Amino acid sequence: MSSSEREAIGVIGTGYVGLVTAAGFADLGNEVWCIDIDEAKITGLKEGRIPIWEPGLEQLVERHRERLHFSTDLADALEHARLLFVAVGTPPTYSGDADLSAVRAVVDAMPASDRHALVMKSTVPVGTGDSIKRTFAEQAKGGFRYVSCPEFLKEGSAVKDFLEPDRVVVGDDRDWAGDAVVQLYAPLGAPLVRTDIRSAEMVKLASNAFLATKISFINEIANVCEETGADVVEVARGMGLDDRIGPKFLQAGIGFGGSCFPKDVAALKQLAGNSGYHFQLLNSVIEVNELQKRRVIAKLHKHLGSLVGKEIALLGLAFKPNTDDMREASSLVLSARLNAAGARVRAYDPVAETEARKLIQGVDFKPSAAEAVQGADAAVLVTEWPEFAELDFDAVASAMRGKLLVDGRNFLDPDAVNAAGLIYEGVGRPGRLADGGAVARYGGA
Ligand SMILES: NC(=O)c1ccc[n+]([C@@H]2O[C@H](COP(=O)([O-])OP(=O)(O)OC[C@H]3O[C@@H](n4cnc5c(N)ncnc54)[C@H](O)[C@@H]3O)[C@@H](O)[C@H]2O)c1
């Protein structure tokens, strides 16, 4: 693609998806107009401050500073760009439906135009595109084009995922706008699924629901492993080598969280329900996930008895490593349950403390893992940050008051933990007492 063919594009909403999309398209040589209603965010971005913690993003934004323009005024994007990517939030409502108020605000702010198109990156229910097109028609903006282009990036590797996507999905009415989006992504050389708008919307929801199902499935296998003495890590290894199954999303743990899976699974379940279909499997996926977060509490009770007054250290708070995103993190449920059980909770996370402080009450934040475990009756690994694999377990054992280490992500080496004289409890694998003996199972023969 020559530089003369490159687009000037607009990106509305400069959060995780918007900012990565903007920086990614700038990296491909395009001029990008980034719009957000959050004035502080835009001021910060103009001054080179990146509002989120995402590997490689700061460097990418810095490298393409000349091509990235930040503004709170939508008119700036409308003036320069014909494609307006929408990356505003679609959080869950109390009913489980997606809250489309931010999307609707963007739609209503569009002028009548034959030269612009909205390109939907936000995750929206199937039928949203058709409903937006109806709104455009009612508002005498029928010339405005619409393209669904769902986003599949993962927080923690978002820049890489943008630049090396597994696929690009474009749902459109086979017009200039869909062609332009396809052209824009062409330099990435990714497999393209060009389809109708409803199918593109469903690809996103179904993909997240499937991945969530895989996680809840392996978590249930883990729970059965605990009853039967099998080790889910070995089981997953054996299963994952079957290329019909694959090894990804087969890590048992304390449940999925984050800004996407919980809300997208709920939104698909709700969408099905609204259309008169009871999506039984997704109900179970959600319920298994809720229960999984609470199983850690049972493990703590098993070893410590009552948790009243017990000092519990949480290692990691973010919903997964390499992000500071705390939305729907398992640590939110865990810390609340521990507080309710009368425990005293201290926690350390390498990057998510600022975000965590906005959402968590009753937690004493510590500046390092070493300080978090000092005097603790038990430690729980909640997020598999790489630095926790490097912990000096001898030092941890001598700093703690108790001996229990619950590995909520099956991330640590049980032998190394055990060799330091600590009790190791993973998820779905045989627990080991401090002397290397087996921890009694919950039940079964
Ligand atoms: N975070 C992810 O990993 C991920 C991955 C794939 C898809 N998605 C989807 O992408 C969408 C955005 O997610 P996110 O995590 O980037 O959200 P986010 O909350 O990080 O960012 C949303 C941004 O939109 C801005 N905004 C809200 N209303 C606006 C308006 N009217 N005009 C301009 N800006 C406005 C907000 O100020 C905020 O900066 C959601 O639908 C989400 O489901 C997210």
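This is a predicted model: local features need pLDDT of at least 70, side-chain atom pairs count only at pLDDT 80 or more; totals for chains, interfaces and linings use all residues.
**Strands S2 and S3**
- Strand S3 has a parallel neighbour in strand S2 (residues 31–35), and four bridges join the two.

**The ligand and its shell**
- The ligand has 27 residues around it, and those that come nearest are Asp36, Lys41, Thr90, Glu155 and Lys263.
- By class, the shell holds eleven nonpolar, eight polar and eight charged residues.
- Two helices, H1 (16–27) and H5 (101–109), each contribute at least two residues to this shell.
- Lys263 places a polar side-chain atom 2.5 Å from an oxygen atom of the ligand.
- For Asp36, a polar side-chain atom sits 2.6 Å from a ligand oxygen atom.
- Thr123 takes part through its backbone instead: a polar backbone atom of Thr123 is 2.9 Å from an oxygen atom of the ligand.
- How much of the ligand's accessible area does the protein cover? On its own the ligand has 830 Å² of accessible area, and the protein covers 87% of it.

**Cysteines**
- Searching the whole structure for disulfides turns up zero.
- Is Cys149 buried or exposed? Cys149 counts as buried because its relative accessibility is 1%, and the cut-off for buried is under 20%.
- Cys225 also counts as buried, with a relative accessibility of 5%.

**Thr213 in helix H9**
- Thr213 has its place in helix H9 (residues 197–228).
- A polar atom of the Thr213 side chain lies 2.6 Å from the backbone oxygen of Ala209.
- With a relative accessible area of 18%, Thr213 is buried, since the cut-off is under 20%.

**The loop between S9 and H13**
- Arg327 is located in the loop that runs between strand S9 (311–315) and helix H13 (330–340).
- Its relative accessible area is 40%, so Arg327 is partly exposed.
- Arg327 and Lys358 are 31 residues apart along the chain, and their C-alpha atoms are separated by 11 Å.
- Glu328 is found in the loop between S9 and H13 as well.
- The phi of Glu328 is near 60 degrees, a positive value in a residue other than glycine.
- Why is Glu328 called partly exposed? Glu328 has a relative accessible area of 39%, and partly exposed covers the range between buried, under 20%, and exposed, over 50%.

**Arg174 and its backbone**
- Arg174 is in the loop between strand S7 (168–171) and helix H8 (176–185).
- Phi of Arg174 is near 55 degrees, which is positive although the residue is not glycine.
- Most residues other than glycine have a negative phi.
- Arg174 is exposed because its relative accessible area is 56%, and exposed means over 50%.

Technical notes: Residues are numbered from 1 along each chain as its sequence is written. Side-chain values use heavy atoms; hydrogens and water are left out. A residue is near a molecule or strand if one of its heavy atoms lies within 4 Å of it. A polar contact is a pair of N or O atoms within 3.5 Å; within protein, one must be able to donate a hydrogen and the other to accept it, and residues adjacent in sequence count only if both atoms are side-chain atoms. Accessible areas come from the Shrake-Rupley method with a 1.4 Å probe; for residues, only the protein chains shown count as cover. Ala, Val, Leu, Ile, Met, Phe, Trp, Tyr, Cys and Pro count as nonpolar, Asp, Glu, Lys and Arg as charged, and the others, Gly among them, as polar. Two strands pair if DSSP finds at least two bridges between them. A disulfide is a pair of cysteine sulfur atoms within 2.5 Å. Buried means under 20% relative accessible area, exposed over 50%, partly exposed in between (1.4 Å probe, protein chains only).
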